[in-house]
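Visitor: I am new to this structure. Please show me how to read a few of its features.

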Amino acid sequence: MLKSSFFQRFPFVPPANFDFHCHSTVSDGLLSPGEVARRAAENGVDLWALTDHDDLGGLTAARAAAVEAGMGFVGGVEISIEWQGVPIHIVGLGFDAADPTLGAGLDELRNGRIERAKRMGAALNAIGIPGAYEGALCFVTNPSLVSRAHFARYLVSIGIARDLPGVFQHYLSPGKPGYVDHRWATLAEAVGWIRGAGGVAVVAHPGRYKMSGGNMRKFLDDFKDLGGQGIEVTCGSHSPDHVLHFARLARSYALHASRGSDFHGPQDGYTDLGKLPSLPEDLKPVWRLLR
């Protein structure tokens with residue numbers, strides 16, 4: 001299994017700098033899996049996970065590049081789900097990438113993304129932005145993973161907005177004209193796929209979800225009941241207040257804490273690989289579950 005490479009080589013040395021959330025050209029990143037691995041190593045990361053959206057296609061190359069760079073590697077994925085009408089992402093870590101149930105579930109999600117992308121193109125055409133689907137495809141490496149990020153890059157390229165956050169704010173977020181609902185996985189499905197494949201389920205960037213404190217607690221209740229074990233506390237899109245808040249929730253729910261840049265590419269994300277602040281010292285880091 002992919003999760004063992006770090007601890008076989010360094011069984012008694014905890015990682016000083018781990019980054020468990022980033023993307024390559026297999027989903028919506030700008031660098032190949034090997035290039036992401038080399039950048040992580042150059043930035044001082046010693047334990048790294050590639051977590052492309054709904055796809056495991058980059059893991060073999062990522063692992064080989066990580067080993068070559070002398071860096072520990074954990075197989076990962078970021079699964080798109082919906083919980084009570086809220087789009088949420090769940091990161092899976094340290095699973096068996098050959099697990100057939102996990103693979104079949106991800107295949108279904110990718111097939112649905114293509115149809116969703118076509119409907120997004122039609123929605124943007126209806127407000128006077130023609131050719132958005134075809135334009136988004138120009139930014140895609142994996143045709144089965146056309147995402148909002150690819151649409152956003154195209155809209156920036158034609159001058160619709162200055163930057164990616166502006167596109168999402170005005171066109172591609174829920175309630176905006178280019179956003180299209182889709183039947184994503186359920187929380188039970190995503191956690192079940194990850195746990196069934198021997199992995200650890202982690203809530204990705206919880207500070208990005210539009211949920212009240214009460215709803216977040218209800219979500220975490222469900223997540224924990226289903227076997228979820230981790231939450232991203234230090235994340236590229238989290239403010240210092242977010243870190244403090246989600247550290248408190250990690251303690252309250254006895255969840256292990258993860259740390260991830262959510263890196264997509266140079267100058268196309270929140271922060272660079274391995275450049276996040278450390279986790280609060282009293283939290284249990286999620287890598288402990290991957291032994």
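Guide: Start with exposure: buried means under 20% relative accessible area, exposed over 50%, and partly exposed in between (1.4 Å probe, protein chains only). A254 is partly exposed, with a relative accessible area of 42%, whereas D262 is buried at 2%. This is a predicted model, in which local features need pLDDT of at least 70, side-chain atom pairs count only at pLDDT 80 or more, and totals for chains, interfaces and linings use all residues. Residues are numbered from 1 along each chain as its sequence is written, and side-chain values use heavy atoms, with hydrogens and water left out.

Visitor: What is the phi of A254, and where is A254 placed?

Guide: Most residues other than glycine have a negative phi. A254 has a positive phi, near 50 degrees, and sits in the loop between α10 (240–252) and β7 (256–260). Helices (H or I, at least four residues) and strands (E, at least two) are DSSP runs, numbered from the N terminus. D262, in the segment after β7, also has a positive phi, near 60 degrees.

Visitor: Which residues are closest to the centre of the second largest pocket?

Guide: On a 1 Å grid over the protein atoms alone, a pocket is an open set of points where a 1.4 Å probe fits, with protein on both sides within 12 Å along at least five of seven lines; lining residues have an atom within 4 Å of a point. The second largest pocket holds about 270 Å³ of space. Of its 14 lining residues, P15, F18, L279, P285 and W287 are the closest to its centre.

Technical notes:
Points joined across faces, edges and corners; volume = space filled by probe spheres on them.
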